[in-house]
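Here is a short report on one chain. It starts with a pair of packed helices and then widens to the core and the fold.

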Amino acid sequence: MRTLIFRTAAPYLSSLMLLFSVFVLLRGHNEPGGGFIGGLIAASAFAILGIAYGAPAVRRAMFFHPMAISGFGLFLSALSGLLSYAFRVPFLTGLWTSVHILGVEVDFSTVMFFDIGVYLVVVGSITSIALALEEREDG
């Protein structure tokens with residue numbers, strides 16, 4: 001399915017899907033969505049690029065190995081849970097703080113970092129599986 005039309009449209013479609021996955025990720029702890037669904041959308045974007053250009057092209061385009069992304073996401077999720085022990089509250093209790101950056105108040109929470117970790121785990125693992133399947137199909 002490597003037609004000219006699909007190869008031309010795939011980068012634009014994948015870019016939109018990645019942007020939408022970040023939107024779904026960031027609105028997830030306030031409304032439906034979150035790290036898991038956003039990660040699935042992002043992994044689907046990489047799978048579309050893999051179908052259009054082949055798995056080696058996607059591996060070259062990704063800066064890190066997909067399983068390294070997944071491992072960092074697991075580390076980030078675990079760290080957001082362990083941070084609650086420092087404040088003597090139960091594991092995975094949500095903690096919030098506000099930071100002033102260039103005169104703008106920015107809210108941070110461990111819930112957001114946990115969602116980002118889940119996002120990275122899903123992106124890394126599903127992309128790794130999809131690329132392995134595409135490489136097997138090509139070879």
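## Helix packing, core and fold

H1 and H2 pack with their axes 8 Å apart, at an angle of about 170 degrees. Axes are lines fitted to C-alpha atoms, for helices over the stretch in contact, and angles run from 0 to 180 degrees between N-to-C directions. H1 and H2 are therefore roughly antiparallel to each other, a label for angles over 145 degrees. The residues of their contact divide into 19 nonpolar, five polar and one charged. Here Ala, Val, Leu, Ile, Met, Phe, Trp, Tyr, Cys and Pro count as nonpolar, Asp, Glu, Lys and Arg as charged, and the others, Gly among them, as polar.

The model is predicted: local features need pLDDT of at least 70, side-chain atom pairs count only at pLDDT 80 or more, and totals for chains, interfaces and linings use all residues. Residues are numbered from 1 along each chain as its sequence is written, and side-chain values use heavy atoms, with hydrogens and water left out.

The chain has five helices and two strands. Helices (H or I, at least four residues) and strands (E, at least two) are DSSP runs, numbered from the N terminus. Their order from the N terminus is α-α-α-α-β-β-α.

H2 has 19 residues, which should span 27 Å at 1.5 Å a residue; its end C-alpha atoms are 27 Å apart, which agrees. The expected span is 1.5 Å times one less than the number of residues. Gly54 follows H2 and has a positive phi, near 95 degrees.

The largest nonpolar core holds 20 residues, of which Val58, Met62 and Tyr119 touch the most other members. Such a core is a set of buried Ala, Val, Leu, Ile, Met, Phe, Trp, Tyr and Cys residues joined through side-chain atoms within 4.5 Å.

H2 gives the largest share, seven residues.

Which residues does Tyr119 touch, not counting residues up to four places away in sequence? They are Ser21, Val22, Leu25, Gly35, Gly38, Gly39 and Ala42. Contact means heavy atoms within 4.5 Å.

Ser77 lies in helix H4 (residues 66-86). At 9% relative accessibility, Ser77 counts as buried (under 20% relative accessible area, 1.4 Å probe, protein chains only). Beyond its neighbours within four places in sequence, Ser77 is in contact with Phe114, Gly117 and Val118.

Of the 139 residues of the chain, 37% count as buried.

Definitions and conventions. Buried means under 20% relative accessible area, exposed over 50%, partly exposed in between (1.4 Å probe, protein chains only). Angles under 35 degrees count as roughly parallel, over 145 as roughly antiparallel, 65 to 115 as roughly perpendicular and the rest as oblique.
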